[in-house]
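Good morning, and thank you for coming. I would like to take you through one structure, starting with a pair of helices and ending with the chains.

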Amino acid sequence: MDVHSPRSLAEALALKAEIPDARFVQGGTDVLVELNFDRSRPAALINLNEVPELRGYGFEGDTMILGAGLTYAEAMAAPLAGKFPALAEASRTVGSPQIRNRGTIGGNLGTSSPAGDALPPLVIGDAEVCVASVRGERRVPISDFVLGVKKNALAPDELVVSVRMKPTGAPQTFMKVGPRNAMVIAVCSLALQVDRERGELRAAFGSSAPTVRLVTSRIDEADAFPARVAEAASPIDDVRGTAAYRRHALRVLTGRALERCFA
Amino acid sequence: MKISLTVNGELRETEAWGGESLLYVLRERLDLPGSKNACEQGECGSCSVLLDGTLVCACLVLGAQADGHEVTTVEGLADGDRLHKVQEAYVQAGAVQCGFCTPGLVVATVDLLEANPSPSDDEIREALSGNLCRCTGYAKIFDAVRQAAAS
């Protein structure tokens with residue numbers, strides 16, 4: 001298995017166009033598990049660690065651009081934690097310090113797991129995913145990006161380059177259910193935002209449907225919101241929990257998240 | 001493929017298969033078996049090393065990704081026969097039972113104390129949350145971290 005380590009975005013995209021079956025690897029927290037357990041043998045690996053364009057974050061007007069290589073450790077630290085509190089809280093629940101130092105939001109999008117912890121905060125934040133290939137760049141609304149369990153809108157030659165999201169200043173939070181605080185794949189998770197200016201509640205849940213789903217409501221209907229969020233889920237029974245428990249937990253989490261954001 | 005990396009201050013060169021982890025490179029190619037191989041999925045922390053000064057699980061880094069970078073393993077902490085103060089504290093506190101998790105915990109503790117020289121118990125708990133010990137129940141490990149912080 002060849003490993004290519006491109007030094008620029010253009011070089012990375014040219015490699016992917018040339019070898020569409022190659023697998024991108026950035027933090028390695030998903031890809032290396034597959035390799036270690038012999039679950040996949042991609043034609044080649046394209047190591048993104050040396051691509052500077054994917055790192056860091058910046059502003060474009062009032063929109064923030066988060067590089068796909070942004071780690072959870074970076075997302076949970078200042079100044080990003082102040083801009084996107086739910087993303088910071090979600091990042092803090094990912095794995096362990098070792099995992100948060102390596103895992104990235106671009107990787108979370110690339111994997112497109114319904115349990116991806118960064119996804120609910122991106123959904124309530126109405127994020128846009130910027131993808132690129134040798135054919136050019138395009139922006140995909142987050143709700144159109146993840147299409148199913150580990151399925152997304154990326155073409156074989158495309159790469160997630162960045163995420164665009166506006167900090168609103170509206171109170172928001174993230175909550176996750178699991179057997180301990182660290183090293184947990186969400187039994188279910190919830191990001192919630194109370195936007196008083198727009199009079200809107202926005203919630204997105206993880207691990208309770210094939211994709212992360214958005215539920216919105218008028219702010220004056222907050223009392224009915226926990227039940228609405230629970231109803232919008234279509235959870236399954238699996239090793240981490242039952243469908244009935246997930247639905248119940250989502251109702252409880254939504255109530256708590258509302259309390260926290262209205263406080 | 002050929003990779004070259006600086007391990008514990010020494011430039012090392014080795015052949016590696018593209019799909020192999022940094023952990024495999026360290027243990028099987030470079031004769032550095034201090035970092036332990038257990039879960040191979042980032043759950044147990046026994047392979048914790050510093051990559052360019054950042055705490056990572058060596059099992060989740062490609063050997064090829066370490067090409068041109070600096071790695072510090074548990075073998076690089078002591079100064080000759082003189083143990084690192086964190087290692088000394090683990091010995092003094094009796095924080096080692098079977099010893100399998102110890103290299104990873106020691107490296108994680110060194111990383112913690114570098115960033116936060118006097119951590120609270122909650123901060124210790126969070127910093128070591130990616131390192132599993134199935135013998136000690138963690139009480140002696142906490143004693144060791146507090147002792148190292150105080151020394």
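This is a predicted model: local features need pLDDT of at least 70, side-chain atom pairs count only at pLDDT 80 or more; totals for chains, interfaces and linings use all residues.

Residues are numbered from 1 along each chain as its sequence is written, and chains are lettered from A and ligands numbered from 1 in the order in which they are written.

Helices (H or I, at least four residues) and strands (E, at least two) are DSSP runs, numbered from the N terminus. Helix α3 of chain B covers residues 102-115 and helix α5 of chain B residues 139-150; they pack at an angle of about 40°, with axes 11 Å apart. Axes here are lines fitted to C-alpha atoms, for helices over the stretch in contact, and angles run from 0 to 180 degrees between N-to-C directions. The angle therefore makes α3(B) oblique to α5(B), oblique being what remains after under 35 degrees (roughly parallel), over 145 (roughly antiparallel) and 65 to 115 (roughly perpendicular).

Which residues of α3(B) meet α5(B)? They are B:L105, B:T109 and B:L113, facing B:I141, B:V145, B:A148 and B:A149. Contact means C-beta atoms, placed from the backbone, within 7 Å.

Chain B has an open sheet of 5 strands in the order β2-β1-β5-β3-β4, with mixed pairing; strands pair if DSSP finds at least two bridges between them. β2 (10-15) and β4 of chain B are the edge strands, each pairing on one side only. Antiparallel to β3(B) runs β5(B), residues 70-72, joined to it by 2 bridges. α3(B) lies across β3 and β4 of chain B, at about 40° to β3(B).

Next, the domains. Chain B is assigned domain 1 (2-76) and domain 2 (85-150), with bounds from an automatic or database domain assignment. Their C-alpha centres lie 21 Å apart.

Finally, 25 residues of chain B are in contact with 25 residues of chain A. Strand β4 (residues 54-57) of chain B gives the most to its side, with 4 residues.

Definitions and conventions: Two residues are in contact if their C-beta atoms, placed from the backbone, lie within 7 Å.
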